[in-house]
Amino acid sequence: MEKKECFDLLKSWCDGLIRYQIHDTGDSRFDGGFFCPACKMIHGRSQDAVYPLMCMADFTGEEKYRKAAENVFHWGANMVCDDGSFYNDPQSEWNGITVFGVISLCEALILHGHLLAPEIKKLWEQRMEAGAQWIGKTITAKYKTNINYHASAAAALSLAGKYGNRPEYLVQAKELADFCEKHLLENGLLYGEGQPAEHVTKRGCRPVDIGYNAEESIPSLILYAKTVGDSKLTEKLKEILRKLLVFMLPDGAWDNSFGTRNYKWTYWGSRTSDGCQSAYGIWGDEEPVFHEAAVRNLILYKKCTGKGLLYGGPDYEIHGEEPCIHHTFCHAKALASMIDSGQWSSQPAELPSQHAPSLLYFSEIDTWKISKGGFLGTVTGYDFHYMKGGHASGGTLTMLWHRTAGPVIMSSMTDYWLKEPHNMQLSLKKSQHCSLTPRIELESQGKKYSSCYDHDSRITAEELGNEIRIEAHMELKDADHSSAFNPVFCRLVYLFSDGQITIDGSIKLLQEPDSRQPLFIIPVIGRHKLGVQRVQDGWVLPRENGTVKIGISTLDCGKAPDPVFFLAGGFEAWQFTVQPDGKGEFHVSIKVEEEKVC
């Protein structure tokens, strides 16, 4: 991708921000803020946009971008506390996000501060310094929070320390970076996205979130290392970036279908982090595969952009959902980093997922990655508890992707609720808003029990000739991971082969059911406008570049799948409900026909 294409996308986003910027009310509580069309409010972190807006002002020479940056800076005073910290939102007392505001101010001042009048520049420096002082007093290695804040604080203090010649900031930045470095795992993961950060579960798992690893924590550590000139840490982080790429799909999406904080996961990354370009897009020909990753993810942004704003997933716009402006002003910072780096590569490269091993296992997240016959898949028993109704466990197939069909199954949180009310959306189409997690499910005595809630499943994986077999044994549990009064035990066998996967299930009830029988629910990605077609032994979902065929052994011929949508991930799908036979068994096949639909 040429620099111009990255530049054009950033420009469209900056224009989108300006389109929603409030002017001429005469009220400083509103003027300069960005009205969010999705959340119907001004997000407290709007000031983060000063950096991308100043970048655009510098590269275009257009006054409107500098003016917009100055206006949103002035609005940001509404979030500044008397101790120098910034509130996350008007109704949120969380002020750890001060680190992001300080980083954005520093980068705007360092790279584009020459555009500001002296008196304006001084105001920016004063707010940046006050925020840095608060970070220095508050965010230490002992500060109890997710590790992305320690990493971002290291970046903020290193930038502020260099800018203001404050050596004490650089000392603390190193302490924080050293703390984060101890949480880097050999397999490329950074743990600490959950509390207690050092906790190891009974399955040997640690708190890990791919979205935050790729879009915030590792980029912040790289920013720190480059700011202070730590070449040893820079090289170590480059190896982490290389290994982390196994979680990037060939279309530039990140597989965070199992992460601790995937309630904020969307197909291109994470809702309120900054984007992977500030980590991957700054190396040019030195690391062509990094540049390729940054570009493919950027192309995905472009596909999800409308009205000058970044939508929260591929199907948001077509489903009638509004774009949250938070995505745009956060991810615009990563594009600005890529442009300011001046590093571009013309060398073609393939992503690791395009030639991945057949089977990879990550013990710290108890997750299997499968590559077979054009399919990429993820099966997880991850048992780190971050929140009720969070990521799936229990041997769930949380992700299935095909080289021509693209996303087929994309799970995220199992039950949608506003863990972070100002950082998540609600859909007005409540009847269709449903989880996209495949699961065996039972309603008993007014309570839901599901395979995806089980933290005690047993999973085995093996290669059998030209096939990969994953077998999972689990119990139906409630959202608190407790058994039903009448326990229900299940088995799922996933068989990956060339061109298709099959799912064989069996359900064993120890007693006669006291309510409805357990059902297998499998949502398959497919846009509603393309419809579904009934065939003799299943259903066909048309795609723009092929078809996905769902075969079901016990299909009720009169029962069509239900159209559903989920904000976490951002996909429309068709929800198939499979009734087991008299023996409690069922069979599902997923096959992709790769010919193009005319």
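**Briefing: strands, cores and salt bridges**

Start with strand E7, where both faces are covered: Phe-375, Gly-377 and Val-379 are buried on one side, and Leu-376, Thr-378 and Thr-380 are buried on the other. Keep in mind that this is a predicted model.

- Strand E7 covers residues 375-380, and six of its six residues are buried.
- As a rule, side chains in a regular strand alternate between the two faces of the sheet.
- On one side, E7 runs antiparallel to strand E6 (residues 367-372), with six bridges joining the two.
- Lys-372 has Phe-375 in E7 as its bridge partner.
- The hairpin of E6 and E7 leaves two residues between the strands, and Gly-373 there takes a positive phi near 55°.
- E7 also pairs with E8, again antiparallel and again through six bridges.
- Across that pairing, Phe-375 sits opposite His-402 in E8.

**A closer look at His-402**

- His-402 belongs to strand E8, which spans residues 396-402.
- With a relative accessible area of 1%, His-402 counts as buried, because the cut-off for buried is under 20%.
- Neighbours within four places in sequence aside, His-402 contacts Gly-373, Gly-374, Phe-375, Val-408, Val-592 and Glu-594.

**The eight-stranded sheet**

- Eight strands make an open, antiparallel sheet in the order E12-E13-E14-E15-E22-E19-E18-E17.
- Strands E12 (458-464) and E17 (533-535) are the edges, each pairing on one side only.
- From one strand to the next, the twist averages 15°.
- Leu-495 faces Thr-502 in E15.

**Nonpolar cores**

- The largest nonpolar core holds 135 residues, and Trp-124, Phe-247, Trp-254 and Tyr-280 touch the most other members.
- Helix H6 (residues 147-164) gives this core its largest share, ten residues.
- Another core, of 43 residues, lies apart from it, with Leu-359, Leu-400, Phe-496 and Ile-501 among its members.

**Helix H3**

- H3 (residues 63-75) has 13 residues and reaches 18 Å from first C-alpha to last, close to the 18 Å expected at 1.5 Å a residue.
- Its buried residues are Tyr-65, Arg-66, Ala-68, Ala-69, Glu-70, Val-72, Phe-73 and Trp-75.
- Those buried residues pack against helices H1 (3-19), H2 (50-60), H4 (98-112) and H5 (118-138).

**Salt bridges**

- The count comes to 37 salt bridges.
- Asp-255 and Lys-369 form one of them, at 2.6 Å from N to O.
- Asp-255 is in the loop between helix H9 (231-244) and strand E1 (265-266) while Lys-369 is in E6, so this pair ties together parts 114 residues apart in sequence.
- Both ends are buried: Asp-255 has a relative accessible area of 0%, and Lys-369 has 8%.
- Asp-478 pairs with Lys-447, with the closest N and O atoms 3.0 Å apart.
- Asp-478 sits in the loop between strand E13 (467-475) and E14, and Lys-447 in strand E11 (residues 447-450), so the pair links parts 31 residues apart in sequence.
- Here Asp-478 is buried at 4% relative accessible area, whereas Lys-447 is partly exposed at 38%.
- Lys-549 forms a salt bridge with Asp-537, their closest N and O atoms being 3.2 Å apart.

Note on methods: Residues are numbered from 1 along each chain as its sequence is written. This is a predicted model: local features need pLDDT of at least 70, side-chain atom pairs count only at pLDDT 80 or more; totals for chains, interfaces and linings use all residues. Side-chain values use heavy atoms; hydrogens and water are left out. Helices (H or I, at least four residues) and strands (E, at least two) are DSSP runs, numbered from the N terminus. Buried means under 20% relative accessible area, exposed over 50%, partly exposed in between (1.4 Å probe, protein chains only). Contact means heavy atoms within 4.5 Å. The expected span of a helix is 1.5 Å times one less than its number of residues. A nonpolar core is a set of buried Ala, Val, Leu, Ile, Met, Phe, Trp, Tyr and Cys residues joined through side-chain atoms within 4.5 Å. Two strands pair if DSSP finds at least two bridges between them. Axes are lines fitted to C-alpha atoms, for helices over the stretch in contact, and angles run from 0 to 180 degrees between N-to-C directions. A salt bridge is a side-chain nitrogen of Lys or Arg within 4 Å of a carboxyl oxygen of Asp or Glu.
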